[in-house]
Amino acid sequence: MELTRRDAAAALAALGAGGAVGYAAHEWGSGGDDSPDAPDDGLATDEEVRDALVAVAEVVYPSAVSGIAAFVESFLAGRLEREDHGRGVRETVGELDELASEWYDGPVAELDPEDRDRLLREVGADVADENPEGTTAERVRYYVVNELLLALYASPRGGELVGIENPQGHPGGTDTYQRGTP
Amino acid sequence: MSGPATNRARNRAVDRTPVDGADVCVIGAGPAGGLVAARLADAGYDVVVLDAGPRFDPGDRQERMERAIRPAYDRPDVWGVGGERDAHAATGEWFYPLNHARVKGVGGSTLHWQGMVMRLHEADFNSRSERGVGVDWPIDYADLRPYYAEAERELGVAGADDNPFGPPREEPYPMPAFPPSYSDSLFAAACEELGISMHSVGNARNSETYDGRSECVGYGTCQPVCPSGAKYDATVHVERAEQAGATVIDRAPVQYLEHSADAVRAAEYATPDGETHRQEAEAFVVACGGVETPRLLLLSESEEYPGGLANASGLVGKFFMDHLFAGTGGVLDEPTRQNHVGFITSESHQFYDEADAEVGPFKLEFFNYAGPSPVELALTGDDWGDALLERLNAEYGDHVAVGALVEQLPREDSYVALDPERTDHLDSPVPDVHWNVGDRALETIERANQVQEQILDELGAEVTWQAGPDSTGPAYHHMGTTRMGNDPEESVVDPQCRTHDLDNCWIAGSSVFPTGGAMNPTLTIAALALRVAEDIERSL
Ligand SMILES: Cc1cc2nc3c(=O)[nH]c(=O)nc-3n(C[C@H](O)[C@H](O)[C@H](O)COP(=O)(O)OP(=O)(O)OC[C@H]3O[C@@H](n4cnc5c(N)ncnc54)[C@H](O)[C@@H]3O)c2cc1C
Ligand code: SF4
């Protein structure tokens with residue numbers, strides 16, 4: 001199943017991008033500490049966040065979906081606009097990349113899929129309960145793993161994988177609940 | 001959601017000082033207070049509404065919805081309930097989770113509610129004479145009937161006149177009912193075999209555009225938040241009151257009602273800047289919900305009223321009731337299409353009026369959200385990728401459930417009191433919800449469970465869970481704590497909901513219910529609130 005930017009827009013519409021921001025409104029290359037005079041505050045840049053989340057999505061999404069890069073990029077653009085949330089994502093990706101570099105000699109995006117999976121489990125994100133203010137494991141679960149799972153499974157495309165065209169969080173109208181399996 | 005800095009800025013900017021020369025002061029901005037305020041403001045009176053909680057930004061609703069879905073947040077977090085402000089005790093035989101059962105702020109608990117609305121049945125007003133238990137209300141269904149119709153228009157109710165067991169109605173619902181769900185059609189076949197009639201449910205939720213609000217778009221998170229505004233909440237009436245000139249002051253918990261022997265003089269309220277103010281008015285309406293209303297009266301004790309204001313009867317806080325939940329669920333070997341929307345479309349009141357002294361009234365609810373929602377499942381568990389998808393497919397898709405609401409009788413040993421030990425952020429004693437349920441309610445749950453099992457059995461479902469007498473819980477309907485009656489020794493308010501003891505003080509809300517029936521209470525709250533507004537108008 002091919003995910004598209006439109007699917008990302010649907011996921012964003014469901015979860016609220018923060019105002020009326022569509023994915024097009026986000027200027028890639030902002031935020032984080034990539035500009036020469038930005039302090040090194042451990043915040044991942046736009047590109048680092050995108051690359052890391054696309055790489056993680058390739059592990060946490062089922063193999064049946066494709067088009068992950070465009071989907072994740074569009075979704076993230078909206079989510080990073082939400083100030084506090086965006087900061088949490090950047091901080092957490094920064095930490096995850098640092099751990100990846102210590103343990104595997106490179107940021108998440110540069111690891112092969114088995115190592116990404118292993119890294120996430122070594123961090124503890126598989127068994128942690130999500131918590132935006134918790135331990136590293138809990139924050140990786142909240143801002144990285146669950147962020148991606150939420151994007152997928154609150155969107156109609158992700159819902160379809162499970163047999164629900166109008167998943168919770170998606171304003172899919174009042175027809176589907178009346179119908180049997182399409 | 002706005003951070004502390006913006007909140008501070010906003011608090012500075014808002015004028016929370018009292019209004020001079022107010023006719024009416026309404027305390028509590030839920031549906032009860034909102035309706036009274038809107039009616040009286042429309043009629044040209046100078047109305048002030050004080051609410052303990054904040055005015056929520058409608059722009060935050062989608063973020064609140066995300067909180068509703070994500071496991072990091074507990075239900076009370078969605079609307080900021082909890083902490084010192086909302087501390088409480090629960091010393092009864094049954095634990096009462098008060099902060100799951102209310103919201104404080106403009107809109108009140110309807111911000112969180114499910115929005116199922118139905119009229120009480122005729123016999124509910126005459127429990128003692130018809131069923132041999134409880135007490136009779138001092139008013140009948142016929143007295144409330146025109147107000148019910150008005151309340152349906154005010155809230156915007158989608159429904160159909162297809163309930164063979166319901167009380168008589170005079171006019172159609174303001175909006176057509178939501179059509180039955182796919183799973184309702186599965187139940188219908190089984191119920192037909194068993195001779196059980198199903199019918200539509202009143203929903204305070206727009207099946208078409210109504211009153212300037214959107215039709216339901218199927219977010220499916222109705223409880224605890226509807227991002228589209230299709231589900232009625234009391235901000236509708238609070239805003240209408242404001243448009244008609246009322247003043248609404250948020251974050252203004254009333255601490256004390258200053259009074260003489262026969263009248264309330266002023267409501268003393270605290271503001272976030274640490275100040276205390278006095279709002280004077282000709283008439284006062286206490287509409288703080290079934291727990292905070294008796295609490296405020298008990299806090300307002302004096303030499304004249306040593307046991308609490310309006311409490312010459314000694315019954316303020318007594319007879320706390322809720323509805324109890326009974327449910328049975330299971331799985332089928334075919335898709336059941338659950339969790340597309342967050343509301344139900346079919347019920348059965350068939351067994352309701354079989355009630356007697358041993359078994360109370362109950363109504364059956366056919367769920368459209370049985371079993372887990374896939375999104376929520378996906379965010380918990382230690383798997384991802386294909387393994388997660390496999391689990392989602394295994395766990396979602398074939399669940400069914402039938403719920404029920406069950407009446408509990410009023411009992412003096414079930415009550416709301418002030419906790420002698422604990423105080424809130426303003427040093428006021430917190431409420432203690434001392435909840436006892438009684439055997440008849442438990443018998444009724446068993447009876448409801450039996451019917452539910454029959455239905456699931458006929459359907460061919462394998463039963464996987466049951467909420468029975470040992471595992472039941474409250475439906476979050478707080479009733480009975482300032483009961484209505486003709487006799488000042490046996491009740492707190494008169495049939496017009498005016499306190500027996502004070503000439504200018506009315507109580508709006510389910511605390512005036514002498515018995516609860518087994519219907520969700522808010523349509524009755526709304527009908528009574530409209531009557532209260534009329535009575536105040538007559539008296540001013
Ligand atoms: C999860 C949930 C689901 C529900 N589902 C349904 C349903 O499907 N159908 C139904 O009929 N009912 C339902 N209810 C119940 C329904 O929400 C209540 O019956 C209704 O909101 C009560 O209205 P009210 O105005 O009396 O009180 P509330 O809505 O509770 O409002 C009271 C207001 O008073 C304010 N207040 C309290 N103390 C003070 C004070 N000292 N000073 C100033 N202000 C004060 C509070 O801040 C609050 O805003 C549900 C409730 C919950 C929690
Ligand atoms: S299903 Fe309808 S009423 Fe419920 S949250 Fe969605 S739009 Fe609101």
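Predicted model: local features only at pLDDT ≥ 70, side-chain atom pairs only at ≥ 80, totals over all residues.
**Ligand 1**

The shell around ligand 1 holds 38 residues. B:Asp51, B:Ser109, B:Met116, B:Val254 and B:Thr522 are the closest of these. By type, the shell consists of 18 nonpolar, 16 polar and 4 charged residues. Three helices of chain B each supply at least two residues of this shell: helix H2 (31–42), helix H9 (289–299) and helix H13 (522–539).

| Residue | Backbone atom | Ligand 1 atom | Distance |
|---|---|---|---|
| B:Gly105 | N or O | oxygen | 2.9 Å |
| B:Ala32 | polar | oxygen | 3.0 Å |
| B:Pro521 | N or O | oxygen | 3.4 Å |

How much of ligand 1 does the protein bury? Taken alone, ligand 1 exposes 1000 Å², and the protein buries 95% of that area.

**The largest cavity**

Rolling a probe the size of a water molecule over the atoms shows where empty space is left. In this structure there is 1 cavity of 30 Å³ or more. The largest cavity contains about 90 Å³ of space.

Which residues lie nearest the centre of the largest cavity? They are B:Cys216, B:Gly218, B:Tyr219, B:Cys222 and B:Cys226, which belong to a lining of 14 residues. That lining divides into 8 nonpolar, 4 polar and 2 charged residues.

Technical notes:
Residues numbered from 1 in each chain as written. Chains lettered and ligands numbered in written order. Heavy atoms only, no water. Near = heavy atom within 4 Å. Polar contact = N/O pair within 3.5 Å; in protein donor to acceptor, adjacent residues only side chain to side chain. Areas by Shrake-Rupley, 256 points an atom, 1.4 Å probe, with all protein chains shown as cover. Helix = DSSP H or I, 4+ residues; strand = E, 2+ residues; numbered from the N terminus. Nonpolar A, V, L, I, M, F, W, Y, C, P; charged D, E, K, R; others polar. 1 Å grid on protein atoms, 1.4 Å probe; cavity = no way out; pocket = protein on both sides within 12 Å on 5 of 7 lines; lining within 4 Å. Points joined across faces, edges and corners; volume = space filled by probe spheres on them.
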